[in-house]
Amino acid sequence: MTTILDGSTFAEAIRAKVKEDREALGKFGIEVGLALLMAGNNPASRQYFLATVKAADKVGINIYEYLLPESASLNEVLNRIHSINEDERANGLLVLFPLPRRINARRVVNAIRTEKDIDGLGSLAIGRLAADESTFQIFKEGAYERLYEARFTPATSSFLPCTPFGVIRLLEHHRIPLRGKHVVIVGKSLAVGKPLALMFLAKEATVTLCHRETPDLAHFTGQADIVCSATGVTGLIKGDMIKKGAVVVDIGINVLPDGRVVGDVDFASARQRAEFITPVPGGVGPVTIAILLKNTVRSAKQRSVLNDPLSYPF
């Protein structure tokens with residue numbers, strides 16, 4: 001019997017804590033704000049944009065929307081980011097991808113101040129993850145996190161990438177063991193594949209990272225205890241490509257011409273063999289957004305604890 005890894009219910013629990021912390025900040029007159037910047041109107045990005053706005057509204061986080069046309073230049077995007085960096089209302093900034101092809105995405109991401117890079121995709125954030133300087137967030141929350149924030153100012157603190165962090169949290173929420181497991185990740189993007197591999201390694205899993213040039217993909221996925229796919233290719237992972245009893249995590253978001261949202265995994269055939277599987281929608285996506293909101297509140301906290309961090313009521 002296949003177990004569906006319901007991300008929506010888990011995300012509700014995360015958002016409840018986010019709302020509690022946001023309300024606590026509000027008692028000190030501190031508002032929490034998140035800036036969303038999108039250039040163009042990619043269907044998948046638009047859906048993520050709207051879902052983020054809806055989730056933020058539920059927890060009382062203010063949203064500041066910055067919608068640029070498809071024709072926007074790199075300088076226009078960078079100028080808008082620089083203005084948001086200086087805007088005290090925004091504790092975090094999320095740039096929706098993909099950007100128009102002519103725009104250098106890495107220049108855009110690296111223009112975001114580290115303390116506002118709540119999606120954790122800047123070079124500094126990724127570097128700290130690779131160096132195991134930020135992986136404490138995977139293992140311990142609460143008191144240890146407060147002590148860490150007491151020693152590092154917002155200018156030097158960083159966040160973990162939300163989507164891969166959401167994958168780890170979702171698996172652990174369902175008590176799926178990671179240590180010693182063989183994980184095959186399909187997709188090597190800096191947004192998901194690479195940081196997810198680093199997080200699984202931190203959890204003592206054995207990781208194989210596959211991509212479009214990998215010959216005989218099924219050979220690798222068929223050996224995996226856990227298969228994670230983040231390619232944006234509809235139906236890439238079929239049921240006969242996974243071993244019986246595997247865990248399948250579908251991170252893909254693909255909008256079909258009829259408006260339906262599907263992932264990378266052929267859900268109907270994969271669920272016949274998998275022991276655990278995430279649905280699309282309703283799997284990783286809601287958890288990603290919940291963690292994004294959590295990071296936004298954490299950014300607001302960090303700015304508020306500089307003078308007396310250990311006595312601050314969090």
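This section describes the fold, surface and cysteines of a predicted model.

Local features were taken at pLDDT of at least 70 and side-chain atom pairs at pLDDT 80 or more, whereas totals for chains, interfaces and linings use all residues. Residues are numbered from 1 along each chain as its sequence is written, and side-chain values use heavy atoms, with hydrogens and water left out.

The chain contains 12 helices and 11 strands, assigned as DSSP runs (helices, H or I, at least four residues; strands, E, at least two) and numbered from the N terminus. Its radius of gyration is 19 Å, close to the 20 Å given by the globule rule for 314 residues, so the chain is as compact as a globular protein of that length. The radius is taken over C-alpha atoms, and the rule is 2.2 Å times the number of residues to the power 0.38. Along the principal axes, the C-alpha atoms fill a box of roughly 55 × 45 × 35 Å. Of the contacts (heavy atoms within 4.5 Å) between residues at least 6 apart in sequence, 73% join residues at least 24 apart.

Buried residues account for 53% of the 314 residues; buried means under 20% relative accessible area, with a 1.4 Å probe and protein chains only. The chain exposes about 14400 Å² (Shrake-Rupley method, 1.4 Å probe), of which carbon and sulfur atoms supply 52%.

Cys210 is buried at 1% relative accessibility, and Cys228 is buried at 0%.

Note on methods: Buried means under 20% relative accessible area, exposed over 50%, partly exposed in between (1.4 Å probe, protein chains only).
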